[in-house]
Amino acid sequence: MTTTIHTTWDRDSILVGGDWIPVTDCTEVHDPATESVIGRSASAGIAHVDAAVAAARSAGTAWGTSSPEDRAEILDALCTQLRARRQLLVDTTVAEVGAPVTVAEEAHIDLGIEILASYARLARDLPFRERLGRTLLLRRPAGVVACITPWNYPFYQLAAKVGAALAAGCTTVVKPAELTPLSTYLFADAAIDAGLPAGVLNLVPGSGRTVGAALTAHPGVDVVSFTGSTAVGRGVAHAAAESLTRACLELGGKSASVVLGDAPLPAAVTATVDAAMLNSGQTCSAWTRLLVPRTRYEDAVELAAGHAGTLRVGDPRDRATQLGPVISAAQRRSIAEAVDAAVAGGARLAAGGSGMPADLETGHYLRPTVLADVGPHDPIVRDEIFGPVLVVLPHDGDDDAIRLANDSDYGLGGAVWSADPERALGVAARMDTGQVDINGAPFNPEAPFGGWKSSGLGRELGRFGVEEFTELTAVQR
Ligand code: NDP
């Protein structure tokens with residue numbers, strides 16, 4: 001195993017069948033904190049997509065019949081290679097996403113590598129052959145997986161998709177978001193140095209409308225794994241349905257943090273604010289609706305606003321920073337407009353607002369915003385804002401809180417806070433959502449992650465994530 005670390009952010013090639021192929025079209029990559037150009041990425045075309053899919057299909061025969069143990073060893077080697085590049089990956093994530101350095105370390109890079117390591121374990125442990133009475137059940141690779149990733153957690157999302165696909169014995173064609181392609185190049189470099197056979201991972205950066213759409217409709221793709229907006233996800237599902245291609249969709253959210261009457265209010269509220277603001281609120285499972293007992297509503301609003309006001313917004317390279325910029329001027333505008341519309345509609349601005357922080361002039365920054373006195377049908381309560389915005393709503397007891405939590409088009413994450421674990425579990429079990437954390441329980445990278453309703457189809461991570469990329473053959477004997 002060799003380690004050749006490419007430190008440049010000027011990448012004008014696509015990876016097809018193990019070869020870096022230069023392309024003529026490139027896109028600039030910007031730093032959302034400085035608004036300056038930090039690098040370049042190749043912009044692939046339709047012919048490149050065809051070549052990448054062909055390379056993945058051709059590599060699939062050998063990779064798909066390799067032993068799970070061999071695949072686990074490559075995944076372990078990939079983790080080793082990525083750890084050798086950890087600092088560069090962190091620096092790249094800070095630069096292209098604008099994530100504060102401590103968030104980039106923990107939530108983007110270390111968690112992403114931990115997830116890959118979990119797939120290596122699963123490749124070893126999963127029953128790819130299982131007895132079912134007289135039947136031998138073979139769990140076989142589904143084929144070529146198109147991995148279309150978003151800009152909010154580019155490295156983590158890539159690890160979640162590619163790691164599961166490789167563990168299952170699938171080959172991959174990856175399309176990162178145009179705004180954040182650079183950490184994906186580093187992942188590809190690491191995969192090559194880890195000894196991943198040529199064609200098992202192919203990289204075709206480019207626009208969603210061209211490369212993403214071509215991959216989604218491609219007859220050579222067996223599974224599309226997409227993370228992004230619900231609107232685009234719906235189009236992906238539609239296009240994939242034409243060829244009955246399986247579409248795994250991880251989409252938006254408007255998750256509720258439910259504080260029950262017996263919960264310690266300050267701990268529940270501050271943890272909810274922190275979760276809502278993580279990654280500048282650009283987290284699909286963020287708890288963006290805080291539901292508190294009506295009798296404690298004013299206290300909760302005051303606590304939430306007070307805590308939001310203490311969060312430090314600024315230079316993502318400063319270790320004291322808690323919120324960096326949001327990804328782009330367009331994203332900032334869309335968040336600010338949603339906040340202004342809510343206030344114009346009668347919401348009370350308890351903290352933050354649509355303006356820039358007073359001490360910052362450059363960068364797509366917003367202040368952590370808390371809105372109160374909103375109605376359950378207001379757009380700010382129903383829509384995914386994807387920025388540092390929390391709404392606080394009152395409830396009238398456990399049943400009412402569950403009703404409000406479920407009164408959403410989405411169902412991705414959620415939280416319950418109570419001094420009584422059984423009561424909390426009773427509420428969690430009635431929330432129509434993919435994941436619920438009780439009393440701030442830590443994230444489990446092997447637990448299934450995915451959504452109900454408009455939050456998506458299928459699950460990522462752990463055993464369930466690998467199984468998304470397999471097909472079953474039942475051999476009767
Ligand atoms: P998109 O859904 O447009 O982008 C996600 C990925 O899909 C990107 O790689 C994008 O490519 C690609 N894509 C875009 N169009 C197509 C298409 N027709 N076919 C296939 N792939 C396509 O999200 P946005 O970047 O526009 O963000 C808008 C909103 O989406 C956010 O405000 C947020 O609400 C939500 N979002 C949710 C995420 C989540 O984790 N659930 C992640 C990101 C966004 P490219 O960008 O390169 O054109």
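## The annotated span

In UniProt, an unreviewed entry lists residues 26-475 as "domain: Aldehyde dehydrogenase". Keep in mind as you browse that the model shown here is predicted.

## A sheet of three strands

Let us start with the sheet that runs in the order β6-β7-β23. It is an open sheet of three strands, and its pairing is antiparallel. Strands β6 (129-132) and β23 (470-476) each have a single partner strand, so they stand at the edges and one side of each is left without a neighbour in the sheet. From one strand to the next, the twist averages 25 degrees.

Which strand does β7 pair with over seven bridges? The partner is β23, and β7 itself covers residues 135-141. To find this pairing on screen, pick L137, whose bridge partner in β23 is A474.

## A sheet of seven strands

The next sheet is open too, with seven strands in the order β15-β16-β17-β14-β13-β19-β20. Here the pairing is mixed. As a reminder, strands of a sheet pair through backbone hydrogen bonds, either parallel or antiparallel.

The edges of the seven-strand sheet are β15 (348-353) and β20 (437-438), each of which pairs on one side only. Strand β15 runs antiparallel to β16 (residues 367-372), and four bridges join the two.

## The largest pocket

Now for the open spaces. The largest pocket has a volume of about 960 Å³. It is lined by 34 residues, and those closest to its centre are A107, Y153, L278, T283 and F443.

Which element gives the largest share of this lining? That is α4, with six residues. Helix α4 (101-125) is joined by α5 (154-168), α9 (265-277) and β19 (414-417), each supplying at least two residues of the lining. By class, the lining of the largest pocket holds 19 nonpolar, ten polar and five charged residues. Domain 1 (10-251 + 455-476) and domain 2 (255-445) each contribute at least three residues to this lining.

## The second largest pocket

The second largest pocket contains about 720 Å³ of space. Of its 29 lining residues, W151, F226, G228, S229 and V232 are the closest to the centre.

Helix α7 (208-216), strand β11 (223-227) and helix α8 (230-242) each bring at least two residues to the lining of the second largest pocket. The most come from α7, which gives five. The classes here are 13 nonpolar, twelve polar and four charged residues. The lining of the second largest pocket also draws at least three residues from domain 1 (10-251 + 455-476) and at least three from domain 2 (255-445).

Methods
Residues are numbered from 1 along each chain as its sequence is written. This is a predicted model: local features need pLDDT of at least 70, side-chain atom pairs count only at pLDDT 80 or more; totals for chains, interfaces and linings use all residues. Side-chain values use heavy atoms; hydrogens and water are left out. Two strands pair if DSSP finds at least two bridges between them. Axes are lines fitted to C-alpha atoms, for helices over the stretch in contact, and angles run from 0 to 180 degrees between N-to-C directions. On a 1 Å grid over the protein atoms alone, a cavity is a set of points where a 1.4 Å probe fits but cannot get out, and a pocket is an open set with protein on both sides within 12 Å along at least five of seven lines; lining residues have an atom within 4 Å of a point. Grid points are joined across faces, edges and corners, and a volume is the space filled by probe spheres set on the points. Ala, Val, Leu, Ile, Met, Phe, Trp, Tyr, Cys and Pro count as nonpolar, Asp, Glu, Lys and Arg as charged, and the others, Gly among them, as polar. Domain bounds come from an automatic or database domain assignment. UniProt positions are given in the numbering used here, feature names are shortened, and annotations may be inferred rather than shown by experiment.
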